[in-house]
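Take a look at the chain below. This report walks through its cores, strands and rings.

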Amino acid sequence: MWRFGNILLWSLMAAVILLGQARPNFKLNSQSSSGLRSDCVGNLMRLSLDKALAVGNELEVEAVNGTQHVVLTPSLAAQCGYSMESDPSGNTRIYSSLLGCYVDNKDDGIFNVGLRLRIYSNSQSDVVTHDVKQTCSYTQWASREILCDRNYMEVSGFIAAPYAGAKGPAQDVKDSNNLPDASGAAHGIWKVTFYTPEPVAMVLREAEQAGYGLKLTSTRLVVRSPYNTAQTTSEEVGGVPMEVIRVSAYYQTPHGLNVMDFAAACPTGGVLFINNLISWHVPRRLTPLVDGSFEVLELYMGINGKRLDRSQMATRGYTLSTTHHHIVIEIPVGSPDGHFKSHAPDYQYHITYNVEPMLEVLWRTTDTKDDTRYKVLFPISTPLMPQPPHVQENTVPEARVFSVVLGTFLHDVVLKNITFSTGVLTVEESKARGFTIQEHRYTNGTKDYSLSVPFDADVVLKHNPEILVTTYFLPLTFGFIILPEETLFTHKVELQASLQDVVLPKITGTCDKKHFYVTVKYGSHGNSFQAMVGFRHLTPEMAEKYQFQENGTHFIVKLPYNAEDAVFELLATDSLKARVDVSLLDDDNRLLADLYLSCTFPFTTTTCYPNGTMTATAVKVQSVANLDPSSLTLKDQSCKPAVSDDRFALFSFSVDSCGTTRTFFDNYMLYENEIGLYYNKGLYYNNGLYNNKGVAKTSPIDPAYRQTISCYYLVNGTQTVGVSSKQRLYEPKAGIGSGQLMVQIRLAQDSSYQLFYQAEDYPVVKYLRQPLYFEVELIDSSDPNLELIVEKCWATLAEDRTSLPSWDIIVDGCENPDDIYATVFHPVVSDSRVLFPSHIKRFSMKMFTFIKDKAVLKDEIYVHCDSVICDETSRADSCRGQCVQPTRQSNARQYDRKGAKRTRRGTDSTQQRQISSGPVELNF
């Protein structure tokens, strides 16, 4: 059923029409009638309101006739011949039948139509009024006129006295039983009888109370009925559904009582939609109105109540044609005289096309020659047409902005909000966040919306399908509202763009003597990665331990070289090569960056002490990953680490234990041992020999780990320590260490050598030729096989041992034969202080002074000595004992000192341990 029915659409998109509601007394503001246009279209007056007047406001319509003002309610409008329709833009048309209840009718030729429009603003505080008066002339009345408007059916017929011979359906009533009683009106309508088909009689008052409109003018009788009343019937004529009313009206004239039979039939269907073409079919023979043959005199189509000529129809693409059974009007969907309307069933966007064609037919019956003008205003609305919004994505990834256009929509659709991944934002809130939202209107009455969102916005989701590629994802739900009904619907859009824009983080590192310094510079994703140090995630606890510092663009960690997460690669002469591995992983555990920072740190593996103690450190290197340092031993496998953990083992032992070997060379002696992981547990060390007490377990020829450690001492006074290792399976190499055998010279207070002068006692004051008792001692050594030999001693005036003049005291380990006051060597025996007599030499000399030309050059002297350390078993000439030589030779050289009575001593100091004592001051 394509007619809107008997409910007048006073409430449409742009204007809400209030009819018959009580209003407070507002101040009336007289306004110009700008935006109002009225005209006459046949038997109708048409008033058009521009959308500028009505949109967003409430409209109330009053019918005006002289001083009479009547508010038109929907039911009163249908009863009295008024209708209204409005398009979604707010353009409104009001129709009034010229035979309406409140029209000033001048002899059915001149008609004055008056309306008052009250427009209330949204605030309800003011009302604007517009008074409309339109005079229409219409004289081409047919004997019968039928008007089918959107909310009522109207039929009128010409009345005349029977004797006048005028044409018309009026009949004289002869039945006196049907005459009105004395209380009836002298002139006017008495009663009506409806045929449904059973007759239903009503007097005028009852018919009006039932919603029917009846009127008697000077020449015509008018009957008006809303659709779908109790007295109307639905019939199908020529396949077209029709609303039909049949009625007999009785009216009183000065000449008597007459009756007029009426019938009206208005189509409620007959519309076909084929390929965007509306085909409206109206029966050519309306059987409720025509019994016999007839002739069509005029045939017109129109739009909105106004006829169109053939050129206008051709321009718009309209056609009007007839078949054997129907009159057919064809209108293309989207023609300019109609309008589209938005709908949202099930929250999905649909549209309909609405147009109101008019059909006007004038026919004449063959037998009675009566004319009938049949006029139909027929609003047509197409079925709901799905109109899914089209998504046009204009995103250019390089611009780093999502850009999308969504449309098209009718102008009654308004974008209210957008749902992003983070929540719902109104249009205003979205703009405040920096998103660009624009509405684009087009001349055909449609529009679309564009949205731009930067890739970097927090509503954009990001994913990296490849390490260097970022996929940006923007899920959207657009929320729309259709006015004026405020119907909601949504449309989802998912935007996606990929861009090779990832700047990976970078890892750099440096080292000092004790630490690794690792710097991670963030890439384009900031710190959204997992940092691994070694095989562990960088946890907050680790970060605190490694002095983590961060400033928004990078972070720095500081690791000691022996950190738990560092590995040892190589043990070198005097260093340890360590490495720390740092890697960055994304959420999918893909490697973003890594750094293998390897540095060499100063590291002492072996320390040699003068007292014959050695300490050595073994480390777990990466090449022997399963090594347990606590399982390491020295050659004597009973010598285990003094201290160990999972990475280090510290050995401490004396050079005459744990299988340490000693080797003598010309100028030094070497102590050597080995740290190893031995598989043959049946092999043990005893008294310098390896004995096999059992069956060896399965093992390689060499141990899986071996680190050779050694110390060497210069036998003439200077000690160095060396470590060597055998390269095997990337084993660690121990570095060379160094040490000293300490020798000291002291001046005793007397020949008992029990008390010695201390540093604070110098210079010591002695008389000329008073004995000076010196002791030279090898200290902090426990090796009984070592012997200290005082090779040379001499005296000088200055602290500089190379200064002149000088005098030899001991030459080649013996007293100076040129000295008349010979040096005396004193024996050394063991006592509570002396454990190894071979480590000490004692001698005495007479206090003297240097003179020249019988003058004392200086009243103090300094004594200097060179000593060597020998193996008692050595056969070297310098190691045959104190003052034991195959050939006694003096190395003193005569030196002319111009009167000096002592000679200058030789200065050969090759491989000597140099010590000095003094000054000793002469007391006169």
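The notes that follow describe a predicted model.

## Nonpolar cores

The largest nonpolar core holds 89 residues. F516, L632 and I675 have the most contacts inside it. Strand β51 (residues 591–602) gives this core its largest share, six residues. A second, separate core has 54 residues, including A249, A264, V271 and I278.

Look at I675 in detail. Neighbours within four places in sequence are left aside here. The contacts of I675 then include A616, A618, L632, F651 and Y705.

Strand β48 covers residues 554–560, and its side chains alternate. F555, V557 and L559 point to one face and are buried.

Strand β44 (residues 515–521) pairs with β48 in the antiparallel sense, over seven bridges. Here Y517 stands opposite K558. Strand β47 (residues 549–550) also runs antiparallel to β48, joined by two bridges. Q549 has I556 as its bridge partner in β48. The hairpin of β47 and β48 has three residues between the strands. In that hairpin, G552 takes a positive phi near 100°.

## An open sheet

Eight strands form an open sheet with mixed pairing. Their order is β17-β18-β13-β12-β31-β30-β24-β25. Which strands stand at the edges? They are β17 (213–216) and β25 (306–307). Each has a single partner strand, so one side of each is left without a neighbour in the sheet.

The partner of β17 is antiparallel: four bridges join β17 to strand β18 (residues 220–226). G213 has R224 as its bridge partner in β18.

## Aromatic rings

The whole structure contains 30 aromatic pairs. One of them joins F409 and Y449. Their ring centres are 6.3 Å apart and their planes are at 55°, so the pair is tilted. F409 lies in strand β35 (residues 401–410) and Y449 in strand β39 (residues 446–454), 40 residues apart in the chain. F409 is buried, at 1% relative accessibility. Y449 is buried too, at 7%.

F548 and F555 form another tilted pair, with 4.9 Å between centres and 35° between planes.

## A charge over rings

The charged end of K191 sits over the ring of W190, 4.9 Å from its centre. K191 also lies over the face of Y250, at 5.0 Å from the ring centre.

Notes. Residues are numbered from 1 along each chain as its sequence is written. This is a predicted model: local features need pLDDT of at least 70, side-chain atom pairs count only at pLDDT 80 or more; totals for chains, interfaces and linings use all residues. Side-chain values use heavy atoms; hydrogens and water are left out. A nonpolar core is a set of buried Ala, Val, Leu, Ile, Met, Phe, Trp, Tyr and Cys residues joined through side-chain atoms within 4.5 Å. Buried means under 20% relative accessible area, exposed over 50%, partly exposed in between (1.4 Å probe, protein chains only). Contact means heavy atoms within 4.5 Å. Two strands pair if DSSP finds at least two bridges between them. Rings of Phe, Tyr and Trp (its six-membered ring) pair if their centres lie within 6.5 Å; planes under 30 degrees apart count as stacked, over 60 as edge-to-face and the rest as tilted. A charge sits over a ring if NZ of Lys or CZ of Arg is within 6 Å of the ring centre and within 35 degrees of the ring normal.
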